[in-house]
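Subject: Structure for you to look at

Hi,

Here is the structure I promised. Please open it first, then read my notes below.

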Amino acid sequence: MSSTSQKHRNFIAEPMGEKPVTDLAGVGEVLGKRLVAAGFDKAYVVLGQFLVLKKNQEFFQEWMKDTCQANAKQSAECWQCLKDWCEEFL
Amino acid sequence: MDVDVENLTDAELRSKLIECGYPVMPITGTTRRVMMKKLKMLLETKNKVNKDNRRSLGRYSSEDESDSDAKSARKDKYRRATMAAPPLPVKKKAPRSEVSSLDGSPLKRELKSVTTTSTRTTKILQASKDEFDTGSESDEVAEKYESSLRREAPGLSDSFKKTPSPSRLPSSFVSGSLAAEAASDRLNQIRARQSTYSSGYDKSYYNSSNDDILKDKENTPFLSNFTKRLSQLSESPKSTLYDYKSDIIKENDVNGGTTNSRTYLNSYRATRGRPSTYDYKITNQSLFKNNFVPFMVLVVAFLFFIVVAIVYLGIRSDTTLEVTATIPICVKSDANSRRYVNCVLEGEGKPALHLLHVLKPELNRRALKNRCEDASAKPYMTEQDVVGFVANNFAIKDENRIRTDLSNVEVLSFFNPTWGISVLQLEEDGVSFSEDAIAADMYQVINGKAKKITALISRHPPIPWKCYFYNTVWAFFSVLTSVVGAIVILYVLNYAFKFYKQIRHKQLEEEMTIVENIIDILQTNAADNDDNYMVINHVRDMILPINERKNKQKLWMRAVRYIHENESRIRTEERVVQGEIAEVWRWLGGPNLSTSKNKSWQGQAFETQVGSVNSLPCSPTPCLKIRGMVEEGDRNTMMIKKAVLSKCAQQCRILHCAVDMNSKCVYLKCADPSDAAIAYRNLHGWWYAGNLVTVKYLRLERYMQRFPDSPVSGPPFLQ
């Protein structure tokens, strides 16, 4: 993760609105599917979880791993993405 | 500690986590599992903190390894010394068994417990022997103990023969087995009890072994030895501080460790800590040694000058003595002898000497007055003065006779240089005269008589001490002031030169930044747009803020000139831009593709939050050393500093931040260790300008050595 990805930049460039969960950085098709299966169909639902976990990276990553078997890189990217979004828009 | 985490209610789970000191989130359906996992992990780690201490010990950067390779090498050596099986001196065994057989009787009270422990020790010894082939000697010893135990088992009174076994403890201890630690702990308790029974025994033994410190280090760290060494250490406050620090760090790790193991660690640390105190001492000594020679030279020079002064004074006092006169008598037949030039008529010598006796005190008085009291007084007497003086004060009123005698005195003064009277040939009657005015011989006097004034002067009047002292001090101070003045002038010049150079350097740097900015702008412009030219003034307006444009006009012109002369990728041309002819820069090089210039935080490589494997459980010091931010040839240290501060200054209090170009590190000092921990988590494992940033804790002493004038406490805190 030498620099933020294009997906990351796209996501934090604007309010998330009704974006699907796959728009989150680090969440691809597979993870997206798993998350939708777990009830997290929109990015804002994941944001809600992120906020419930008080933006704590460790817990968030743990949760990601738990719900959709995300690896450390994916979950860290997702966390970073949400954090940056929060800094910008929350 | 076995709690059924699965069956806890949300509220219970919450309270449990709070107990463990964790930031607790709301327990909801989705977070519950994460929290349960966390709690499980916490409980598990709590149970095996002891085993963990090794790992965190290794991660802690106890020394500034890059700074002192030699030191770390030495450290290794010590570590190796402690790890290896110490060669056991053979003589050690003999006195021990003797003594233990002597004091067997008072120990009978403890018999039961002692036997059990000793057998256990032997087992451990054997175990350690099997695990680590520590060398033939230790095997031998262990076997010996075993056999002696078996032999002595029925006669329990002698079971204390086993006491030498602590001498094998280091190996068993280092083996890391907890059982060995426990056993050694118990053994040490026994040893402590035994030493209260026979206090003289230990002392005599250790005194003999104390002769050789090196061997001492290798030998078993016995209890009394510890205390001795610790007391030694406490004598030097520096080392206690050092020890104390590491103790704090260690205590967090050891937690459940036995007191005994801590003592061992202490002693180990003591030996490790000592080289650093040694270093301080050595540097102090060498400092003194370095200054010793110049100091001696100074003293010798001073003594030399005193001696010279004494000798000089001695010579001076000799000249004040009246010496017998040599009087050349004119011989009629000799053609060379001329009156008033090189001889005196017979019978005229005596009156001349009389006159001299009269004149001499007056001459001295005048010379003294000139030298000591009034510099404007004439130090000499002209012939007119002499005649007037004699006529006024003495019975002789005949001027011709006085003049004759005076001429004779002048002649004689050339023949008797010991009188200290010289004849002067003055142009006019003034106070000052040069050395040239002193007549070399009588011919000169005769020749110059018509034009010049002839005068007498006492060259070496007996100067009183007070006057002499005053003159010397005055001369000294005048020399001193001139020297100091010269030094001050030189210093000011030097300072001015340095100042000038600094300003020049700064200007040059600013110019270079502008040039780099220009190139950057043109490059990005060429990359973004199709037309690869820009109006020069527009570029200026992009770089310089409105309020600085006037002040930096000169700087800008220099930068423009620099680009003209030295940048081949930029061509200056004239073009019509929006209906106006303007000078433009055209970028001839390739578009900007380099991202290395982008100096910013680019994201995190690995997590460093509380509880993760990458962050320490506690922060030992308030000082951090950050690697990976400074690159070769980085000129803008301010930017690096700003980047560090912007990353973490919001969340913690930072006292001092410095960029060291030599070691390519950034040093950070926080208000306290907890702030350092925050900074650590914010910086460690991040990408900065394409490099991975790593952070280590640095000892406060080392930090203060490097930056002695860094603030000790805040506010102000850096932002």
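How many residues does the contact take from chain B and from chain A? Chain B gives 23 residues and chain A gives 19. Contact here means heavy atoms within 4.5 Å.

Some ground rules. This is a predicted model, in which local features need pLDDT of at least 70 and side-chain atom pairs count only at pLDDT 80 or more, while totals for chains, interfaces and linings use all residues. Residues are numbered from 1 along each chain as its sequence is written, chains are lettered from A and ligands numbered from 1 in the order in which they are written, and side-chain values use heavy atoms, with hydrogens and water left out.

**The interface**

The area buried between chain B and chain A is about 1800 Å². Carbon and sulfur atoms give 57% of that area. Buried area is the accessible area (1.4 Å probe) that two parts lose on being put together, summed over both.

The rule finds 4 salt bridges across this interface. A salt bridge is a side-chain nitrogen of Lys or Arg within 4 Å of a carboxyl oxygen of Asp or Glu. Glu62(A) pairs this way with Lys37(B), with the closest N and O atoms 3.3 Å apart.

On the side of chain B that touches chain A, the elements giving two or more residues are α2 (32–47), β7 (601–604) and β11 (686–688). Helices (H or I, at least four residues) and strands (E, at least two) are DSSP runs, numbered from the N terminus. α2(B) gives the most, with 5 residues. The residues of this side divide into 10 nonpolar, 9 polar and 4 charged. Ala, Val, Leu, Ile, Met, Phe, Trp, Tyr, Cys and Pro count as nonpolar, Asp, Glu, Lys and Arg as charged, and the others, Gly among them, as polar.

**Helix packing**

In chain B, the axes of α15 (residues 349–373) and α17 (residues 399–415) come within 8 Å and cross at roughly 85°. Axes are lines fitted to C-alpha atoms, for helices over the stretch in contact, and angles run from 0 to 180 degrees between N-to-C directions. α15(B) and α17(B) are therefore roughly perpendicular (65 to 115 degrees). Their contact residues divide into 9 nonpolar, 1 polar and 1 charged.

In chain A, α2 (residues 29–37) and α4 (residues 57–68) pack at about 85°, with axes 9 Å apart. That makes α2(A) roughly perpendicular to α4(A). Leu31(A), Arg34(A) and Leu35(A) meet Trp63(A), Thr67(A) and Cys68(A).

**Salt bridges overall**

One joins Glu77(A) and Lys73(A), at 3.0 Å from N to O. Both lie in α5(A) (residues 72–89), 4 residues apart, about one turn of the helix.

Best wishes

Definitions and conventions
Parallel < 35°, antiparallel > 145°, perpendicular 65-115°, else oblique.
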